[in-house]
Amino acid sequence: QFSTFSWTSMLFCAGVATGILYWGTIEWTHYYDRPPFGAVPRSQEAVRWASVFGIFHWGPTGWAFYCLPALAIGHAYYCQKIPRLRVSTACHAVLGRATDGPLGKLFDLCFIIGLLGAAGTSLGFGTPMIAAGFSHIFGIDPSYRLTVLIALLCTALFGTSVYLGLEKGIRRLSAINMVLTLLFLGFVATVGPTLFLLKTGLSGIGTIAAHFVKMHALAGPWDATHYAFAREWTVFYWAWWIAVGPFMGLFIVQISRGRTFRQIIIGTLTLGSLGCGLFYCVLGNYALYLQQQGLQDVVAIQKTEGASAAIISVIATLPLAPVVVPFFCVISLVFLATTYDSASYALASSASVALADNQPPARWHRLFWAFMLALLPTG
């Protein structure tokens with residue numbers, strides 16, 4: 001139904017939201033002072049793990065939580081011809097017609113509540129970061145009103161996109177977002193410490209490959225420091241990916257008409273992981289370079305003024321900062337919109353009685369969920 005570029009753009013933009021800009025720039029600061037595996041804080045070993053664990057958390061394991069429900073729901077919808085795009089549809093092979101009754105509705109209700117909470121988390125991280133960017137641009141103090149205004153602006157953007165539908169709205173917005181993001185990352189990699197970014201990025205990927213099993217293992221009492229680290233970070237990320245997983249499964253099914261299981265597996269596990277790794281290798285390692293070279297104390301800003309202020313302070317060190325900071329805010333806003341239009345579409349599908357093959361949910365229904373998604377994070 002969609003070209004490879006359009007399909008990849010929608011898949012990636014829906015799956016990462018603005019969290020990839022937020023955590024991709026600042027996550028390493030948390031590991032710099034509190035590294036895993038008993039490393040000494042701020043040592044070279046701590047720096048190595050700081051540049052690695054973000055890529056690991058947004059790597060194949062996380063994307064597998066998206067891939068699995070997509071395959072289960074897609075098989076039931078396209079192969080078994082069950083005319084419902086819901087999480088309960090994936091249970092049909094095991095529970096049979098029980099999924100048509102109250103039990104299936106209970107599954108779908110849990111999914112809807114879970115997605116509202118997970119989406120609230122993503123918007124809750126993203127809007128303060130954009131507000132910090134607006135504060136930097138216009139010289140105003142960050143406030144609750146500004147954050148709510150940005151949330152409303154984002155709602156208007158993704159509400160329009162989801163109203164227009166997959167082809168005219170979500171596909172186009174995702175493609176625009178992908179192009180803008182690649183331009184931004186290319187700019188940072190070119191004007192920044194290119195060799196440092198390349199060497200640190202490749203070294204990080206090699207470290208993950210060498211310690212893949214070790215990084216997954218929630219170490220026992222004999223390694224108390226890593227056990228605490230894994231509970232605070234790795235398990236947090238797993239919970240986040242799992243909470244969003246059913247939504248992504250539904251959305252991947254909606255955009256994957258005509259694709260094979262192999263294409264979905266390779267697309268999610270490989271392209272998704274490589275895309276996330278690119279953000280960490282460019283933005284995260286650029287911020288780490290500023291810290292190590294004494295050009296910007298990112299860690300101190302993160303501790304005193306918060307993560308959002310630290311992120312904007314990193315972007316503001318780039319050449320042409322008066323242009324680059326607004327550009328970063330625009331990308332962040334569009335990233336939020338491309339996730340929420342996808343979430344609205346999936347929620348409307350899940351709450352529809354029946355959908356024929358390739359039939360979209362009603363427009364009013366999609367808009368209803370778009371505004372519902374904005375309520376929780378605003379609160």
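Hi everyone, let's start with one residue. Setting aside neighbours within four places in sequence, tryptophan 23 is in contact with His30, Trp58, Phe125, Trp233, Phe236, Tyr237, Trp240 and Tyr280. Before we go on, please keep in mind that this is a predicted model.

So where does tryptophan 23 sit? You'll find tryptophan 23 in helix α2, which covers residues 19-33. Is tryptophan 23 buried or exposed? Its relative accessible area is 6%, and anything under 20% counts as buried, so tryptophan 23 is buried.

Take one partner from that contact list, phenylalanine 125. In sequence, tryptophan 23 and phenylalanine 125 are 102 residues apart, yet in space their C-alpha atoms are 9.2 Å apart.

Now let's step back to the core. The largest nonpolar core has 114 residues, and Trp23 and Phe247 are the ones that touch the most other members. Which helix gives the largest share of this core? That is α15, with 16 residues. As a bit of background, nonpolar side chains in soluble globular proteins tend to be buried together.

Let's stay with α15 for a moment. Of its 30 residues, 25 are buried, so α15 is mostly covered.

How many cavities of 30 Å³ or more does the structure hold? There are three.

The largest cavity has a volume of about 180 Å³. Its lining is made of 17 residues, and those nearest the centre are Gly15, Tyr66, Ser122, Trp240 and Val244. The largest share, five residues, comes from α11. Sorted by class, the lining of the largest cavity has 14 nonpolar residues, three polar ones and no charged ones.

The second largest cavity has a volume of about 70 Å³. Among the residues that line it are Gly24, Glu27, Trp28, Tyr31 and Tyr280.

Last stop: the largest pocket. About 390 Å³ of space lies in there. Of the 21 residues lining this pocket, Ile205, Leu274, Gly277, Leu278 and Cys281 are the closest to its centre. Helices α4 (53-57), α9 (194-210) and α12 each supply at least two lining residues. Which helix gives the most? That would be α12, with eight residues. By class, the pocket lining has 15 nonpolar and six polar residues, with no charged ones.

To wrap up, let's return to our starting point. Tryptophan 23 is buried, it belongs to helix α2, and along with Phe247 it touches the most other members of the largest nonpolar core.

Notes. Residues are numbered from 1 along each chain as its sequence is written. This is a predicted model: local features need pLDDT of at least 70, side-chain atom pairs count only at pLDDT 80 or more; totals for chains, interfaces and linings use all residues. Side-chain values use heavy atoms; hydrogens and water are left out. Buried means under 20% relative accessible area, exposed over 50%, partly exposed in between (1.4 Å probe, protein chains only). Helices (H or I, at least four residues) and strands (E, at least two) are DSSP runs, numbered from the N terminus. On a 1 Å grid over the protein atoms alone, a cavity is a set of points where a 1.4 Å probe fits but cannot get out, and a pocket is an open set with protein on both sides within 12 Å along at least five of seven lines; lining residues have an atom within 4 Å of a point. Grid points are joined across faces, edges and corners, and a volume is the space filled by probe spheres set on the points. Ala, Val, Leu, Ile, Met, Phe, Trp, Tyr, Cys and Pro count as nonpolar, Asp, Glu, Lys and Arg as charged, and the others, Gly among them, as polar. A nonpolar core is a set of buried Ala, Val, Leu, Ile, Met, Phe, Trp, Tyr and Cys residues joined through side-chain atoms within 4.5 Å. Contact means heavy atoms within 4.5 Å.
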